[in-house]
Amino acid sequence: MVTMAAQKRIALVAHDNMKSELIKWARTHKDKLIGHQLYATGTTGNLLHKELGVKIDALISGPLGGDQQLGGMIAEGKIDVLIFFWDPFEPMPHDPDIKALLRVAAVWNIPIACSVSSANFLVSSPLFSNEFERQIPDYERYLKERL
């Protein structure tokens, strides 16, 4: 078990044709988001900063490795929540990176929202701004079983 602090480290990601949806959603929930540490892949982060006027730690762009960068941060325990507005109808050249990001988020048991509805549920939860205990993989046991 690991305790997520009341102030979450939130990753915001959106495919190109979903960026306007994420910006609109973030504008609606700006008051809830500003109490947290916000991260985003490159273009999305810069657009959110410009539109909302809040600090966003922008990583590199998703197709250039930003999705993998976020996945590494999740595995290191540096991201608590993933809000990823992806387009299920538009294949992306970096689809394997996207699948890997969603997989690592599921493995490390962090909340994931992939649509406006799921993101609305997530930010309206009392757990969004409170401490929360979450189960994480037992890495030491995992290693012992394989070595």
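Colleague: Hi! Where does Ile 110 lie?

Modeller: Ile 110 sits in the loop that links helix H5 (95–107) to strand E6 (112–113). Helices (H or I, at least four residues) and strands (E, at least two) are DSSP runs, numbered from the N terminus. This is a predicted model, where local features need pLDDT of at least 70 and side-chain atom pairs 80 or more, while totals for chains, interfaces and linings use all residues. Residues count from 1 along each chain as its sequence is written, and side-chain values use heavy atoms, without hydrogens or water.

Colleague: Is Ile 110 buried or exposed?

Modeller: Ile 110 is buried, at 6% relative accessible area; buried means under 20%, exposed over 50%, partly exposed in between (1.4 Å probe, protein chains only).

Colleague: And what is Ile 110 in contact with, beyond four places in sequence?

Modeller: Its partners include Ile 74, Ile 79, Val 81, Leu 82 and Arg 134, where contact means heavy atoms within 4.5 Å. The C-alpha atoms of Ile 110 and Val 81 are 5.6 Å apart, although 29 residues separate them along the chain.

Colleague: Switching to the sheet, what is the strand order?

Modeller: The open sheet runs E4-E3-E2-E5-E6, with 5 strands and parallel pairing; strands pair if DSSP finds at least two bridges between them. Strand E4 (57–58) and E6 are the edges, each pairing on one side only.

Colleague: How many bridges join E2 and E3?

Modeller: E2 and E3 pair over 4 bridges, in the parallel sense. Arg 9, for one, has Gln 37 in E3 as its bridge partner.
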